[in-house]
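Colleague: I would like to go through this model feature by feature. Please give the general idea each time, then the case at hand.

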Amino acid sequence: MEQPNSPVRFKLGKQSSLAPERAEREDGEDGVVIDIDPRVRLMYSANEADIEGIKELLECGTDVNFRDIDKRTALHVAACQGSTDVVQLLLDNGAQVDPKDRWGSTPLADAIHYKNHAVIKLLEKHGAKPPMAPMHVNTCCEVPEYEIDAKELDFTNSIELSKGTFHIASWRGIQVAVKKFGENVIADEDKVRAFRDELALLQKIRHPNVVQFLGAVTQSSPMMIVTEYLPKGDLRQYLNRKGALKPTKALRFAMDIARGMNYLHEHKEAIIHRDLEPSNILRDDTGHLKVADFGVSKLLKVTNRVKEDKPLTYEDSYRRYVAPEVFRNEEYDTKVDVFSFALILQEMIEGYPPFHAKEENDVPKLYAAKERPPFKAPTKSYAHGLRELIEECWNEKPTKRPSFKQIIPRLESIYKKFDCKNNWKVIRPLRCFQHLEAMWKKDAPNLSSRNGSSRSTRHI
């Protein structure tokens, strides 16, 4: 029999967000403890959301802040279960709002882990402090140079941008774009790793056609990445407004994208974007484009090809622009971005997203079946080898797709031919006018002489 003052382990319901997996024991030592001790009954009642049972135990003098062998309290249990009534009752009876269990988890951290949003708001209202950011360091010497104090970011009148995680904020007198990572990142190792990877990439990048990284919030929660704000929005919004672009405009945009991507691919450690699509391409004040959002990007460090441990989900990347080798969970390299680029270039000419009449879930299957979006725009829009370039870029075999280093001069050459053709339409009538003007000047003296003699004759 447990003695009243002996430590006990409460092993019912959901466990601490930071606790390691624990094997069950057959002898019952790690199982349910018979409710001999009223304090254990309090934990059990919190787990079952038994309001009357909790009231009865507290009225009898049971310690509301009792901790079991894992240093967990009834408030931890109620936060895991998502019971706002129990949480409120415990707090009203003197429960400490921020107790830490043996792994350092608080009731708020547990509520965040289990996505119990009503409990999160209630605990925050009672002064619960947000959990420590996963990248928090112990001494000021370890704080990264790019660190931004979250208090410097002013979200007053903040506007949510195209993707829910992005917001506009004011920082040191300028507007910036802020990518916020929700509280659930703290309890998700994959998301923490993705945050670290994105930061590692952004610190390496400096190019006119790639969005500029300004800093990050890593020492407090929520964690954030801060980049330059481009008020003209993204390419998706632009194409939705404009529809099909003139070939010269599409080619100028394509050259901006290709230059930014070539910089990423030719980097010392090649960077695969993996999510190249119109909403991740931003327009600056001059009308040029910049590649943005490296949330699912990959570094090619040692090998020339990579393979995912698990297939990418549709949450990871936009399905209409995903290369077939990624969809099939095969090894891939930088050529996946070339495939996406071809689809974007064709969309700018056609005025519609690839396979726009198809369900998004079905589009990657079409690519895997070697189908490609049809060319419906007038033939003249694809003159000078533009269609051939697109077809090479979305070739089924990645090795046959050109690199961006090869794509750029071809785009420049095609652009010059389109530009010369457009200029000739203006120059030809101008030259005709200039020719007539020259002829008039050449004949002017003779005309004047003839006109003068006739006038003098009439005068006489």
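Modeller: Start with the sheet: five strands form an open sheet in the order E1-E2-E3-E5-E4, with antiparallel pairing. Strand E1 (153-154) and strand E4 (213-217) are its edge strands, each pairing on one side only. Strands here are DSSP runs (E, at least two residues), as are helices (H or I, at least four), and both are numbered from the N terminus. This is a predicted model, in which local features need pLDDT of at least 70 and side-chain atom pairs count only at pLDDT 80 or more, while totals for chains, interfaces and linings use all residues. Residues are numbered from 1 along each chain as its sequence is written, and side-chain values use heavy atoms, with hydrogens and water left out.

Colleague: How many bridges join E2 to strand E3, and in which sense do they run?

Modeller: Strands of a sheet pair through backbone hydrogen bonds, in parallel or antiparallel fashion. Two strands count as paired if DSSP finds at least two bridges between them. E2 and strand E3 (residues 174-180) run antiparallel and are joined by six bridges. Trp171 has Ile174 in E3 as its bridge partner. The two strands form a hairpin with two residues between them, and Arg172 in the turn has a positive phi of about 50°.

Colleague: Is strand E2 mostly covered or uncovered?

Modeller: Strand E2 (residues 166-171) is mostly covered, with five of its six residues buried. Buried means under 20% relative accessible area, exposed over 50%, and partly exposed in between (1.4 Å probe, protein chains only).

Colleague: How many aromatic pairs does a search of the whole structure find?

Modeller: A pair of aromatic rings is described by the distance of the centres and the angle of the planes. Rings of Phe, Tyr and Trp (its six-membered ring) pair if their centres lie within 6.5 Å; planes under 30 degrees apart count as stacked, over 60 as edge-to-face and the rest as tilted. The search finds seven such pairs. In one of them, the rings of Tyr146 and Phe213 have centres 5.9 Å apart and planes at 70°, so the pair is edge-to-face. This pair links distant parts of the chain, 67 residues apart: Tyr146 is in the loop between helix H6 (117-125) and E1, and Phe213 is in strand E4. Tyr146 is buried at a relative accessible area of 16%, and Phe213 is buried at 6%.

Colleague: Why is the pair of Phe375 and Trp394 classed as tilted?

Modeller: The ring centres of Phe375 and Trp394 are 5.5 Å apart and the planes lie at 45°, so the pair is tilted. Phe375 and Trp394 are both buried.

Colleague: Which residues do ring pairs link into a cluster?

Modeller: Phe339, Phe355 and Tyr367. Phe355 lies in the loop between helix H11 (335-350) and helix H12 (363-368), and has a positive phi of about 50° although it is not a glycine. Phe355 is buried, with a relative accessible area of 11%.
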